[in-house]
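Student: I would like to go through this model and test each label against its definition. Where do we start?

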Amino acid sequence: DTGAGKGLAGRTAVPALHPVSCILYLPSVMTLDTSELNKTRHDFNGRDSVWLFGYGSLIFKADFPFLERRPASIEGWARRFWQGSHDHRGTPERPGRVLTLVESPGTVCAGMAYRVAPSVFEHLDVREKNGYLRFATPMTFADGGHEEGLVYIATEDNEAFLGEAPEADIARQIALATGPSGPNSEYLLRLADSLRQLGDDCSHTFAIEACLRAEERLPR
Ligand code: SIN
């Protein structure tokens, strides 16, 4: 049982990275800082490395040590700029918009897989603390083969979740936001460039990028 096609619940049930059973209960509205919760979600005992799948800033900003880095994809999930960011790419007064994944049967989401030491999750859990939870997922490498990896997803029950909006409105919000990690527009533009390199045709990202470039009069 790979958990494929079963949604988030299925994804936590992949044998090699068991969630810790006592936390199957999640509060109905999660607290803003998910780093403590993530520490309890997977048991790394006996593992000297774990695969991580990145689909957003984890593609273009690898600020952690890794043992291997390979283009990969996951199936059944689509990127959406539906997560608010007041800690990295915005402020509490003017939150930015960053990526999460939503279930989308048939969609292939390309990204970057990293094989990391389990201790690297201490850093990643803090970096992704603004509403993201780790889930186990099957991954397919671009050059062939499969592995199970962990992916950070901000589900709609987290406090920073902003949800759907017209792509032009999302672009405007991104154009206006900046935070400790830099301008929100940089996140979008670097992501779009990375997706072109990976050959991912993410119409949502590219539509928002086109709106932002038009608004900011940036070259295409
Ligand atoms: C990811 O990149 O995989 C998670 C979302 C983000 O940090 O941008």
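Tutor: Start with alanine 117, which counts as partly exposed because its relative accessibility is 26%. Buried means under 20% relative accessible area, exposed over 50%, and partly exposed in between (1.4 Å probe, protein chains only). This is a predicted model: local features need pLDDT of at least 70, side-chain atom pairs count only at pLDDT 80 or more, and totals for chains, interfaces and linings use all residues. Residues are numbered from 1 along each chain as its sequence is written, and side-chain values use heavy atoms, with hydrogens and water left out.

Student: Where is alanine 117 found?

Tutor: Alanine 117 sits in the loop between strand 3 (96-116) and helix 4 (120-127). Helices (H or I, at least four residues) and strands (E, at least two) are DSSP runs, numbered from the N terminus.

Student: Which residues is alanine 117 in contact with, leaving aside neighbours within four places in sequence?

Tutor: Asp48, Ser49 and Leu67 are in contact with alanine 117 once those neighbours are set aside. Contact means heavy atoms within 4.5 Å. Aspartate 48 is 69 residues away from alanine 117 in sequence, yet their C-alpha atoms are 6.0 Å apart.

Student: Why does serine 104 count as buried?

Tutor: Its relative accessibility is 17%, so serine 104 counts as buried. Serine 104 belongs to strand 3.

Student: What makes the pair of serine 104 and threonine 107 a polar contact?

Tutor: Their side chains meet at 2.5 Å. A polar contact is a pair of N or O atoms within 3.5 Å; within protein, one must be able to donate a hydrogen and the other to accept it, and residues adjacent in sequence count only if both atoms are side-chain atoms. The side chains of serine 104 and threonine 107 make such a contact.

Student: How do you know that strand 1 and strand 5 pair?

Tutor: Two strands pair if DSSP finds at least two bridges between them. Strand 1 (residues 50-54) and strand 5 have three, in the parallel sense. In one of these strands, strand 5, valine 151 is the bridge partner of phenylalanine 53.

Student: In which sense do strand 4 and strand 5 pair, and over how many bridges?

Tutor: Strand 4 (residues 132-141) pairs with strand 5 in the antiparallel sense, over nine bridges. Leucine 133 has isoleucine 153 of strand 5 as its bridge partner. Four residues lie between the strands of this hairpin, and glycine 144 there takes a positive phi near 105 degrees.

Student: What makes strand 5 mostly covered?

Tutor: Seven of the nine residues in strand 5 (residues 146-154) are buried.

Student: Which residues surround the ligand?

Tutor: Gly54, Tyr55, Gly56, Ser57, Leu58, Glu128, Tyr132 and Tyr187 surround the ligand. Here a residue is near if one of its heavy atoms lies within 4 Å.

Student: What is the distance from the side chain of glutamate 128 to the ligand?

Tutor: An N or O atom in the glutamate 128 side chain is 2.9 Å from a ligand oxygen atom. The protein covers 97% of the 250 Å² of accessible area that the ligand has on its own.

Student: What is the mean pLDDT of the protein chain?

Tutor: The mean is 88, and 86% of residues reach 70 or more. pLDDT is the predictor's confidence in each residue, from 0 to 100. Over residues 1-15 the pLDDT is below 50. Where pLDDT is low, the predicted coordinates should not be read in detail.

Terms used
Areas by Shrake-Rupley, 256 points an atom, 1.4 Å probe, with all protein chains shown as cover.
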